[in-house]
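Please keep the sequence and the structure in view while reading.

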Amino acid sequence: GAWLWVISPLPYVGRAWMVVGIDTCKQARDGSMIQTVCASTNTYFTSYHTTWRVQASDDSLADGMVPPGKLLKEAILKYYDENYRLPDTLVVYRGGVSESQEAALLDCEVYNPEGGLLETLVAVSEEVNLSEPELNRWKERLQIAYILVRRGTNARFMTEKEENLPSGTYISDGVITDRDNAEDSKLFDFYMISQTYVVGTAKPTLYSVLYNTLSIERYDLIQLSYRLCALYMTFSGMVSMPAPLKYAAKLLSLLSKCDSTPEEPSGSCVGWKPSLFFV
């Protein structure tokens, strides 16, 4: 069957985009750590590859962080199998981490030489069947953004008439200071209200761009995040976070309630990975 709906008009043509959602949690205080990854495999951000892993509790995992290299590598290679090319623009949305853990998150999941995002991209380039000129062109075009997404904020915003802000409103100027105090900073924070609230006060989602080498403007990245909130396929409206992260969070919620969760998809579960079986 076809997709229920897509982003229209299709933005960002001319590049191979891949959006990823990552979420983690512990089943109990001394329990195992579960990490879920959901990554798009087509141009329209409507087909996804979903996987997970369970890792035994360890002191190094006390902050709820696990290098996502193994799962990311699997997802990127799946994208390559589907599209016969590597994604040259990668946007990762990460949930489930507090503001105080931002530095540790970057060290563990982006810069980590053993399973970090940057190291994983190097490892993937060594496995695909591309010529050296093709790999060099891919490396020159490669752009990455790593964005922390938080729903549990205390901020609330209203119009001057004390009404809820409409869907699609984002707030940055005058509320949040740029991370390096530069107007053209690629690292920035913003609140966004993606849903329309009829009852109660609108609850914004806080986005923190922690790593960014994208060539697109700040507004385009905000617009991408907003549009992805409309691509959660079991709901015809907007959700509170980008679809890939919502999928990862949904799967994480289900796995965390299981009495016995397999360490990774195996057996018949392997065939479920491209089907969003959990929504």
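This is a predicted model: local features need pLDDT of at least 70, side-chain atom pairs count only at pLDDT 80 or more; totals for chains, interfaces and linings use all residues.

The chain contains six helices and eight strands. Read from the N terminus, their order is β-β-β-α-β-α-α-α-β-β-β-β-α-α. The radius of gyration of the chain is 19 Å, close to the 19 Å given by the globule rule for 279 residues, and the chain is therefore as compact as a globular protein of that length. Along the principal axes, the C-alpha trace spans about 55 × 50 × 45 Å. Of the 279 residues, 49% count as buried. Among the contacts with a separation of 6 or more, 70% are accounted for by residues 24 or more positions apart.

The next topic is a pair of helices. Two packed helices are described by the angle between their axes and by the distance between those axes. Helix α1 comprises residues 69-83 and helix α3 residues 117-125; they pack at an angle of about 45 degrees, and their axes are 9 Å apart. An angle between 35 and 65 degrees is neither roughly parallel nor roughly perpendicular, and α1 and α3 are therefore oblique to each other. The crossing of α1 past α3 is right-handed. On the side of α1, the contact is made by Gly69, Leu72, Lys73, Ile76 and Leu77, and on the side of α3 by Leu117, Thr120, Leu121 and Val124. These contact residues divide into six nonpolar, two polar and one charged.

Apart from neighbours within four places in sequence, leucine 121 is in contact with Ile76, Leu90, Trp138, Leu142 and Ile144. Leucine 121 and glycine 69 are 52 residues apart in sequence, while their C-alpha atoms are 8.7 Å apart in space.

The loop between α2 and α3 holds asparagine 112. Asparagine 112 has a relative accessibility of 17% and so counts as buried. When residues up to four places away in sequence are not counted, asparagine 112 touches Pro67, Asp107 and Glu119.

Arginine 94 is found in strand β4. Is arginine 94 buried or exposed? Its relative accessible area is 0%, so arginine 94 is buried. Arginine 94 and valine 37 are 57 residues apart in sequence, and 9.6 Å separates them in space, C-alpha to C-alpha.

Tyrosine 48 lies in strand β3 and is buried, with a relative accessible area of 2%. Leaving aside neighbours within four places in sequence, the contacts of tyrosine 48 are Val19, Cys38, Ala39, Ser40, Thr41, Ala243, Pro244, Tyr247, Lys273, Pro274 and Leu276. The C-alpha atoms of tyrosine 48 and tyrosine 79 are separated by 9.2 Å, and the two residues are 31 residues apart along the chain.

Finally, the backbone deserves attention at two places. Most residues other than glycine have a negative phi. Phenylalanine 45, however, has a phi near 60 degrees, a positive value in a residue other than glycine. Phenylalanine 45 lies in the loop between β2 (33-40) and β3 (48-55). Tyrosine 84 likewise has a positive phi, near 60 degrees, and lies in the loop between α1 and β4. Which of these words describes tyrosine 84, buried or exposed? Tyrosine 84 has a relative accessible area of 70%, so it is exposed, whereas phenylalanine 45, at 2%, is buried.

Methods:
Residues are numbered from 1 along each chain as its sequence is written. Side-chain values use heavy atoms; hydrogens and water are left out. Axes are lines fitted to C-alpha atoms, for helices over the stretch in contact, and angles run from 0 to 180 degrees between N-to-C directions. Helices (H or I, at least four residues) and strands (E, at least two) are DSSP runs, numbered from the N terminus. Angles under 35 degrees count as roughly parallel, over 145 as roughly antiparallel, 65 to 115 as roughly perpendicular and the rest as oblique. A crossing is left-handed if the near helix is turned anticlockwise from the far one by less than a right angle, and right-handed if clockwise. Contact means heavy atoms within 4.5 Å. Ala, Val, Leu, Ile, Met, Phe, Trp, Tyr, Cys and Pro count as nonpolar, Asp, Glu, Lys and Arg as charged, and the others, Gly among them, as polar. The radius of gyration is taken over C-alpha atoms; the globule rule is 2.2 Å times the number of residues to the power 0.38. Buried means under 20% relative accessible area, exposed over 50%, partly exposed in between (1.4 Å probe, protein chains only).
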